[in-house]
Amino acid sequence: MLITVVCLGNICRSPIGEAVLTARLEQAGLGGVVRVDSAGTGDWHVGESADVRSQRVLAENGYELEHVVRQIAHHWMDEIDLLLAMDDQNYANLQALAAQAASPPRLHMFRHFDPTLAHIEEPDDRLNVPDPYFSDLDAFRDVLGMIERASDGLVAKLRAELNLER
Ligand code: 4NP
């Protein structure tokens, strides 16, 4: 199973999503079953590393990430099982891309999987992980927290879906 985490630039939010979700799946024993990568809807930063502030908050919290920025393309759609959008704008762009696929991936906002937000119908800007690009390091720490809460919820759902509940 392939999960692709998507934001605008693929330098701030989605690399954090990729690193955290990968670590949580590994801890849950799903590392061999579910693969996670990330991409951006925009092309400005293709080929670059993650933003240094994303790298820093990840390292501070014990996460590992090796990252090269990619822009998502419609021909990837048939490979992907689950698309996770960081905000409602990413969601709308991904909906348009997925519509071109023969077998479109499932599409959700990343925070849909935060159990405290699960009642909100998607897409909705209350489910946005806000873009921290023009903010300070604290905004990146907030992004990490939002992503950690949603990742725990998603891993619990995946365990149930893959019949690994005990
Ligand atoms: P991200 O943040 O979508 O979380 O990677 C951004 C990074 C770069 C830009 C916008 C958002 N940009 O306009 O270059």
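Let's start with Arg 13, which sits in helix α1 (helices are DSSP runs of H or I with at least four residues, strands are E runs of at least two, and both are numbered from the N terminus). Keep in mind that this is a predicted model, where local features need pLDDT of at least 70, side-chain atom pairs count only at pLDDT 80 or more, and totals for chains, interfaces and linings use all residues. Residues are numbered from 1 along each chain as its sequence is written, and side-chain values use heavy atoms, with hydrogens and water left out.

At 2% relative accessibility, Arg 13 counts as buried (under 20% relative accessible area; exposed is over 50% and partly exposed is in between, with a 1.4 Å probe and protein chains only). Leaving aside residues up to four places away in sequence, Arg 13 touches Met 86, Asp 87, Asn 90 and Asp 131, among others (contact means heavy atoms within 4.5 Å). With Asp 87 there is a side-chain to side-chain polar contact at 2.9 Å. Such a contact is a pair of N or O atoms within 3.5 Å; within protein, one must be able to donate a hydrogen and the other to accept it, and residues adjacent in sequence count only if both atoms are side-chain atoms.

Asp 87 also caps the N-terminal end of helix α3, with a side-chain oxygen 3.0 Å from the backbone nitrogen of Gln 89. In α3 (residues 88-98), Asn 90, Tyr 91, Leu 94, Leu 97 and Ala 98 are buried. They cover an arc of only 125° around the axis, which puts them on the same side of α3 (the arc is taken from the directions from the helix axis to the C-beta atoms). The buried residues of α3 pack against β1 (2-7), α1 (13-27), β3 (82-85) and β4 (106-109).

| Residue | Protein atom | Distance |
|---|---|---|
| Leu 8 | polar backbone atom | 2.9 Å |
| Cys 12 | backbone N or O | 2.9 Å |
| Asp 131 | side-chain N or O | 3.1 Å |

Taken alone, the ligand exposes 350 Å², and the protein buries 91% of that (Shrake-Rupley areas, 1.4 Å probe).

Asn 10, in the loop between β1 and α1, has a positive phi of about 60° although it is not a glycine. The peptide bond from Glu 122 to Pro 123 is cis, with omega near -10°. Most residues other than glycine have a negative phi, and most peptide bonds are trans.
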